[in-house]
Amino acid sequence: MNKDTIEGKWKQLAGKARSVWGEITDDDWAKMKGDATQLAGLVQERYGRTREEAEREVKDFYDKYDR
């Protein structure tokens with residue numbers, strides 16, 4: 001999914017993402033506006049994932065909803 005597509009669909013995706021990563025705050029969601037790099041950083045920080053694990057998890061999420 002490219003950056004423009006992510007940002008364009010962010011309002012739809014954010015609700016689904018919140019159900020996956022509930023430890024990320026509403027303020028965090030509002031600030032990142034679909035930025036996959038920021039999301040991966042938060043996933044890494046809040047869930048104790050390695051950078052590679054977090055990036056893969058976020059990529060898999062975006063790929064799943066890229067429709």
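Among contacts in the chain between residues at least 6 apart in sequence, what percentage join residues at least 24 apart? The figure is 42%, and the stops below visit several places where separate parts of the chain come together. The model is predicted.

**The whole chain**

Four helices and zero strands are present, and from the N terminus the elements run α-α-α-α. Of the 67 residues in the chain, 30% are buried.

Next, colour the chain by pLDDT. The mean for the chain is 85, and 85% of the residues reach 70 or more. Confidence is lowest in H1, at a mean of 77, and highest in H3, at 94. Where pLDDT is low, the predicted coordinates should not be read in detail.

**The nonpolar core**

Select Trp21, Ile24, Trp29 and Leu39 and display their side chains. The largest nonpolar core has 16 residues, and these four touch the most other members. Each of H1, H2, H3 and H4 supplies at least two residues of this core. In soluble globular proteins, nonpolar side chains tend to be buried together.

Which residues does Trp29 contact, leaving aside its neighbours within four places in sequence? They are Trp10, Ala17, Arg18, Trp21, Ile24 and Leu39.

**Trp21 and its aromatic partners**

The structure holds two aromatic pairs. Trp21 and Phe61 form an edge-to-face pair, with 5.1 Å centre to centre and 65 degrees between the planes. Trp21 lies in the loop between helix H1 (3–20) and helix H2 (26–32), whereas Phe61 is in helix H4 (residues 51–64), so the pair ties together parts that are 40 residues apart in sequence.

Is Trp21 buried or exposed? Trp21 counts as buried, at 1% relative accessibility. Phe61 also counts as buried, with a relative accessibility of 6%.

**Helix H4**

Select H4 and look along its axis. This helix has 14 residues and reaches 20 Å from its first C-alpha to its last, close to the 20 Å expected at 1.5 Å a residue. Show Ala54, Val58, Phe61 and Tyr62, which are buried in H4. These four cover an arc of only 95 degrees around the axis, which puts them on the same side of H4.

**Helix H3**

H3 has 12 residues and spans 16 Å from its first C-alpha to its last, close to the 16 Å expected at 1.5 Å a residue. Which residues of H3 are buried? Leu39, Ala40, Leu42 and Val43 are buried in this helix. They cover an arc of only 165 degrees around the axis, and therefore lie on the same side of H3. Turn to the other side of H3 to find Thr37 and Glu45, which are exposed.

Ala36 is partly exposed, with a relative accessible area of 28%. Leaving aside its neighbours within four places in sequence, Ala36 is in contact with Val58 and Tyr62. Both of these residues were shown on H4, where they are buried. A distance to Phe61 may be drawn as well: Ala36 and Phe61 are 25 residues apart in sequence and 10.0 Å apart in space, C-alpha to C-alpha.

**Asp28 in H2**

Move to helix H2 and select Asp28, which has its place there. Asp28 is buried, with a relative accessible area of 15%; the cut-off for buried is under 20%. Leaving aside its neighbours within four places in sequence, Asp28 is in contact with Leu42 and Arg46. Leu42 is one of the buried residues of H3.

**Gly34, the last stop**

Finish at Gly34, in the loop between H2 and helix H3 (36–47). Gly34 counts as buried, at 4% relative accessibility. Select Ala14 together with Gly34 and draw the C-alpha to C-alpha distance. How far apart are Gly34 and Ala14 in space? The distance is 7.8 Å, while the two residues are 20 residues apart in sequence.

How values were computed
Residues are numbered from 1 along each chain as its sequence is written. This is a predicted model: local features need pLDDT of at least 70, side-chain atom pairs count only at pLDDT 80 or more; totals for chains, interfaces and linings use all residues. Side-chain values use heavy atoms; hydrogens and water are left out. Rings of Phe, Tyr and Trp (its six-membered ring) pair if their centres lie within 6.5 Å; planes under 30 degrees apart count as stacked, over 60 as edge-to-face and the rest as tilted. Buried means under 20% relative accessible area, exposed over 50%, partly exposed in between (1.4 Å probe, protein chains only). The expected span of a helix is 1.5 Å times one less than its number of residues. The arc is that of the directions from the helix axis to the C-beta atoms. pLDDT is the predictor's confidence in each residue, from 0 to 100. A nonpolar core is a set of buried Ala, Val, Leu, Ile, Met, Phe, Trp, Tyr and Cys residues joined through side-chain atoms within 4.5 Å. Contact means heavy atoms within 4.5 Å.
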